[in-house]
Amino acid sequence: MQIIWMANEVFLEAKGFLGVVSSMIFNRRNFVSVTYITDSKPCKQKKLIMSIKHNPKAGFKLLFDFWGKYHTIDHFHYQWAKDNLKVKIVKRGEQLSPADRHLEMTYFVAKGLLARVEENTETGKRRIMSIAIPNMALMTTNHLYTHHLHSGHVVALRSGIIIAIPHSVLRQFQEQEKSIDTLIDVLGNKKKRQLVLLRQATLGYSPFERYLNFARLLPEIKAATTQIEQADLLGISRHTVQQAQYFLLTGKYAQK
């Protein structure tokens, strides 16, 4: 059953994000503790909140730094962002897209960590369906040209800076401005790559092998997440995550 829902999820997102908006993968180094050692708490979180608390413009700067790698940024882009986009300073655990609100939005991660999650109403167990580290994004819909919302909601796994981009704005300016179309293509292709690697890591393998593949194929996601988050993303237990991390660290299997 786990393989079935993961395959279905990857197929829907890859189909929707191809050539559209979603995310960009960049390496981020955070220490994640290994077997039988509790996860390290996110470092420098309080310092991050203090540094960005009164400076939401930092979010735009981070967006332009990323965007500028693919297209020349000029006054039009600054004005477009100021008029149409919204910088959100988010706290850990904050929900960006409540399930009862209809928001067709892309959330670009300038700093922090976002996830699209679903919860089993009967068991209360969380399942992470998609994740975004800095220079990535998550959408509330399957793709840019649909009004169908993803199930679940988008939540901040870390405090940080998020850029909220309405889909109506992207659709309006995509054909008029080449740089916006370039941004959409870059984000979409990067998201597709992540989903393909996640599928390769998870389909047809045991939980233990699934984690080893995940660590090899998506090291930037592994570095940015805790053991519990990795377990919720891969659909495995935290105990399996700890055993696999011990094996990666020592080359030995943990004793039962």
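Mentor: Phe60 and Phe64 are four residues apart in helix H3 (residues 57-67), so about one helical turn separates them; helices here are DSSP runs of H or I with at least four residues, numbered from the N terminus. This is a predicted model, in which local features need pLDDT of at least 70 and side-chain atom pairs count only at pLDDT 80 or more, while totals for chains, interfaces and linings use all residues. Residues are numbered from 1 along each chain as its sequence is written, and side-chain values use heavy atoms, with hydrogens and water left out.

Trainee: Why is the pair of Phe60 and Phe64 called stacked?
Mentor: Rings of Phe, Tyr and Trp (its six-membered ring) pair if their centres lie within 6.5 Å, and planes under 30 degrees apart count as stacked, over 60 as edge-to-face and the rest as tilted. Phe60 and Phe64 lie 6.3 Å centre to centre with 25 degrees between the planes, and therefore form a stacked pair.

Trainee: What makes Phe64 count as buried?
Mentor: Buried means under 20% relative accessible area, exposed over 50% and partly exposed in between, with a 1.4 Å probe and protein chains only. Phe64 has 8% relative accessibility, so Phe64 counts as buried, and Phe60, at 17%, counts as buried too.

Trainee: What makes Phe64 and Trp67 a stacked pair?
Mentor: Their rings are 6.4 Å centre to centre, with 20 degrees between the planes. Phe64 and Trp67 are three residues apart in helix H3, so about one helical turn separates them, and Trp67 counts as buried at 1% relative accessibility.

Conventions: Helices (H or I, at least four residues) and strands (E, at least two) are DSSP runs, numbered from the N terminus.
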